[in-house]
Amino acid sequence: YHLYNRGIDKRNIFFTENDKKHFQLLMYLKNQKENKKVRWGRVDKNKLMDQESPGPLVEIVAYALMDNHFHIVVKEIQENGVSTFMCRLLTAQSMFMNKKYERTGPLMCRPFRSKHIDSDRYFRWLISYVHLNPIDLIEKNWKEKGIKDLKKAKKHLHTYVYSSFLDYFGDARPENYILTKDALPININDLDDVSKMIITIKEDGE
């Protein structure tokens with residue numbers, strides 16, 4: 001499933017890098033059969049993600065966090081796993097943001113959006129689309145007009161830490177524990193270059 005959501009009135013849902021880091025941590029913590037409460041100010045991400053997982057609700061294979069929206073690609077492995085995971089994740093993030101910024105009301109649109117991935121071709125397009133999404137931060141209209149500076153785009157993707165791109169094409173890091181790479185139904189090496197991903201989006205776009 002392709003899971004995604006954005007802020008109310010397209011407003012930002014992440015205000016700082018720390019907000020995105022918190023969401024990444026929640027993606028791991030809230031994707032467990034046992035929903036444990038955590039005192040966030042005392043969480044050591046590196047130690048936490050080294051612990052053995054009690055079992056996920058979904059298998060996360062890709063994601064990208066943007067300022068006002070996010071994309072997550074998952075395989076459901078527990079009954080109602082997607083709904084349970086997303087309810088926990090979005091509720092916990094909203095509570096965190098409301099408390100941190102002394103705000104009230106919903107942070108994101110309700111309900112979250114979900115689209116079933118029904119073909120290998122669409123899956124390849126989606127993985128490319130999700131991993132290229134952060135280019136929006138340096139080139140707003142690249143999807144329509146193309147990427148002007150491919151070298152700059154590649155460098156940006158290899159330094160942007162709030163997506164799973166680095167977990168497939170970068171060095172090992174604690175965030176790797178968010179993913180279940182074995183659940184990926186395609187050979188990721190077929191998309192081992194930004195240029196290949198761009199070609200996939202252009203040829204197989206909806």
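Q: Buried means under 20% relative accessible area, exposed over 50%, and partly exposed in between. With that settled, is asparagine 80 buried, exposed or partly exposed?
A: Asparagine 80 counts as partly exposed, because its relative accessibility is 49% and that class lies between 20% and 50%. Bear in mind that this is a predicted model.

Q: Where is asparagine 80 in the fold?
A: Asparagine 80 is in the loop between β3 and α3. Its phi is positive, about 60°, although the residue is not a glycine.

Q: And lysine 10, what is its phi like?
A: Lysine 10 has a positive phi of about 60° too, and again the residue is not a glycine. Lysine 10 belongs to the loop between β1 and α1 and counts as exposed, with 61% relative accessibility.

Q: OK, backbone again: which peptide bond is cis around proline 111?
A: The cis bond runs from arginine 110 to proline 111, with omega near -5°. Proline 111 is located in the loop between α3 and β4.

Q: Let's talk strands. How do β1 and β3 pair up?
A: β1 and β3 run antiparallel and are joined by five bridges. Histidine 2, for instance, has valine 73 of β3 as its bridge partner.

Q: What about β1 and β4?
A: Those two are antiparallel as well, with three bridges between β1 and strand β4, residues 113–115. There, tyrosine 4 is bridged to arginine 113 in β4.

Q: Switching to the inside: which residues touch the most other members of the largest nonpolar core?
A: That would be Phe23 and Ile72, in a core of 62 residues. The elements that each supply at least two of its residues include helices α1 (17–29), α3 (81–101) and α4 (120–132), plus strands β2 (58–65) and β3 (69–76). Helices α6 (150–157), α7 (165–169) and α8 (194–204) each supply at least two as well.

Q: What does phenylalanine 23 actually touch, sequence neighbours aside?
A: Leaving out residues within four places in sequence, phenylalanine 23 is in contact with Phe14, Leu65, Phe70, Ile72, Leu89, Leu90, Gln93 and Met108. Ring pairs also link Phe23 with Phe14 and Phe70 into a cluster.

Q: How many aromatic pairs does the structure hold?
A: Eight. One of them is phenylalanine 15 with tyrosine 101: the ring centres are 4.8 Å apart and the planes are at 75°, so the pair is edge-to-face.

Q: Which parts does that pair tie together?
A: Phenylalanine 15 sits in the loop between β1 (2–6) and α1, and tyrosine 101 in helix α3, so the pair ties together parts that are 86 residues apart in sequence. Phenylalanine 15 is partly exposed, at 41% relative accessible area. Tyrosine 101 is partly exposed at 28%.

Q: And the tryptophan 125 and tyrosine 129 pair, what's its geometry?
A: Their ring centres are 5.0 Å apart with the planes at 10°, so the rings are stacked. Tryptophan 125 and tyrosine 129 are four residues apart in helix α4, which separates them by about one helical turn.

Q: Next topic, lysine 181. Which ring face does that lysine lie over?
A: The face of tyrosine 168, at 5.4 Å from the ring centre. Lysine 181 is in the loop between α7 and α8 and is partly exposed, with 34% relative accessible area.

Q: What else is lysine 181 in contact with?
A: Apart from neighbours within four places in sequence, lysine 181 is in contact with Asp167, Tyr168 and Asn176. A polar atom of its side chain lies 2.5 Å from the backbone oxygen of aspartate 167. The C-alpha atoms of lysine 181 and aspartate 167 are separated by 9.2 Å, and the two residues are 14 apart along the chain.

Q: Last one: what polar contact does the side chain of asparagine 98 make?
A: The asparagine 98 side chain makes a polar contact with the side chain of arginine 103, at 2.4 Å. Asparagine 98 lies in helix α3 and is buried, with 19% relative accessible area. Not counting residues up to four places away in sequence, asparagine 98 touches Arg103, Thr104 and Gly105.

Note on methods. Residues are numbered from 1 along each chain as its sequence is written. This is a predicted model: local features need pLDDT of at least 70, side-chain atom pairs count only at pLDDT 80 or more; totals for chains, interfaces and linings use all residues. Side-chain values use heavy atoms; hydrogens and water are left out. A nonpolar core is a set of buried Ala, Val, Leu, Ile, Met, Phe, Trp, Tyr and Cys residues joined through side-chain atoms within 4.5 Å. Buried means under 20% relative accessible area, exposed over 50%, partly exposed in between (1.4 Å probe, protein chains only). Contact means heavy atoms within 4.5 Å. Rings of Phe, Tyr and Trp (its six-membered ring) pair if their centres lie within 6.5 Å; planes under 30 degrees apart count as stacked, over 60 as edge-to-face and the rest as tilted. A charge sits over a ring if NZ of Lys or CZ of Arg is within 6 Å of the ring centre and within 35 degrees of the ring normal. A polar contact is a pair of N or O atoms within 3.5 Å; within protein, one must be able to donate a hydrogen and the other to accept it, and residues adjacent in sequence count only if both atoms are side-chain atoms. Two strands pair if DSSP finds at least two bridges between them.
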